[in-house]
Amino acid sequence: MTFTYDAEKNFLDNKTILITGASDGIGKACAKAYAAYGATVVLLGRNQQKLETVFDEIDGLHPGKVVIHPLDFKTASMADFKILAESLNEQFECLDGLIHNAALLGARTPIEFYPEQDWADLMQVNVNAVFQLTQSLIPALNRSESAQILFISSSVGRVGRAFWGAYAVSKFALEGLMQTLAEELENTTSIRVNSLNPGGTRTNMRRDAYPAENPETQPTAESLMPVYLYLMSSDAQGIHGQALNVRDFEAV
Ligand code: NAP
């Protein structure tokens with residue numbers, strides 16, 4: 001069954017939401033969905049040209065509601081994340097949402113033969129950059145009346161699976177980061193922290209992971225958006241510290 005969420009028009013008005021990996025796939029769909037309900041969206045990605053294309057699409061429909069910030073997580077340092085945080089502080093009073101969506105899939109190779117440099121690069125993009133961005137933005141999130149940090153996970157980050165290598169391990173790390181942070185912020189802030197497994201979705205990453213699969217068998221990124229919208233809403237206020245699955249919402 002498809003999950004529907006009857007979001008009120010413009011329920012994200014006056015909210016600022018940052019989405020990493022917003023140049024394509026699920027992140028792009030997410031940016032468009034949040035902007036459609038009134039949010040100002042900050043798009044992070046490594047490819048300026050692709051970000052500009054998404055910028056044009058969103059700005060054409062919702063003028064003045066989109067900002068881009070090109071940043072390659074593979075090479076970004078803590079200083080780059082601090083500069084980003086300062087730039088956001090100058091533009092916005094606070095940050096209401098942080099969607100950690102960018103990720104690399106990496107090699108599908110047994111651990112025994114996993115290339116060391118690929119492992120390091122993937123951990124940099126999928127884990128270290130996520131930590132650095134989170135740490136840099138907690139003060140801005142804390143200034144929101146009700147903020148949400150969402151770590152985009154995977155089923156292989158919940159139960160290990162052969163040949164998913166650094167990708168699976170990186171998603172386990174995100175689950176640990178989510179749980180640790182959720183407990184730390186629980187009694188001192190109103191920031192909600194959760195992880196969300198989108199499940200198989202028709203994107204470039206899915207195509208790379210399953211090259212022989214017919215993409216049409218997978219749901220589109222756009223079809224997941226009711227869950228992403230719901231989680232940003234006040235209806236999801238009580239959800240904190242949880243490892244969520246899009247498919248669980250759909251099963252209800
Ligand atoms: P995607 O289409 O490959 O998009 C990934 C996004 O991350 C792109 O915007 C990509 O930029 C960006 N990115 C990659 N490396 C980066 C870097 N070094 N610095 C900054 N940005 C970088 O993947 P997706 O399927 O939409 O995946 C979105 C999230 O869902 C990921 O966390 C993924 O693990 C998770 N997920 C997906 C599926 C699925 O079936 N699709 C299933 C479970 C979980 P470019 O546009 O430049 O490539």
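This report covers helix packing in the predicted model above.

Residue numbers start at 1 in each chain, following the sequence as written. In this predicted model, local features need pLDDT of at least 70 and side-chain atom pairs need pLDDT 80 or more, while totals for chains, interfaces and linings use all residues; side-chain values rest on heavy atoms, without hydrogens or water.

**Terms.** Helices are DSSP runs of H or I with at least four residues, numbered from the N terminus. Axes are lines fitted to C-alpha atoms over the stretch in contact, and angles between N-to-C directions run from 0 to 180 degrees. Two packed helices are described by the angle between their axes and the distance between the axes.

| Pair | Angle | Axis distance |
|---|---|---|
| α3 (residues 78–91) and α4 (residues 116–142) | about 30° | 9 Å |
| α1 (residues 25–36) and α2 (residues 48–61) | roughly 20° | within 10 Å |
| α4 and α5 (residues 165–186) | roughly 20° | within 8 Å |

**α3 with α4.** The angle of about 30° makes α3 roughly parallel to α4, a label for angles under 35 degrees. Their crossing is right-handed, meaning that the near helix is turned clockwise from the far one by less than a right angle. Contact means heavy atoms within 4.5 Å. From α3, the residues are M78, F81, K82, L84, A85, L88 and N89; from α4, they are A129, Q132, L133, Q135, S136, L137 and A140. By class, this contact has nine nonpolar, four polar and one charged residues. Here Ala, Val, Leu, Ile, Met, Phe, Trp, Tyr, Cys and Pro are nonpolar, Asp, Glu, Lys and Arg are charged, and the others, including Gly, are polar.

**α4 itself.** Helix α4 has 27 residues and spans 37 Å from first C-alpha to last, close to the expected 39 Å. The expected span is 1.5 Å times one less than the number of residues. A kink of about 45° is centred on Q124. The bend is the angle between axes fitted to the seven residues ending there and the seven starting there.

**α4 with α5.** These helices are roughly parallel, and their crossing is right-handed. On α4, the contact includes W119, L122, M123 and N126; on α5, it includes G165, A166, Y167 and V169. The contact residues divide into 14 nonpolar, four polar and no charged.

**α1 with α2.** These helices are also roughly parallel, with a right-handed crossing. K28, A31, K32 and A35 of α1 meet V54, E57 and I58 of α2. The classes are four nonpolar, no polar and three charged.

Methods:
Helix = DSSP H or I, 4+ residues; strand = E, 2+ residues; numbered from the N terminus. Parallel < 35°, antiparallel > 145°, perpendicular 65-115°, else oblique.
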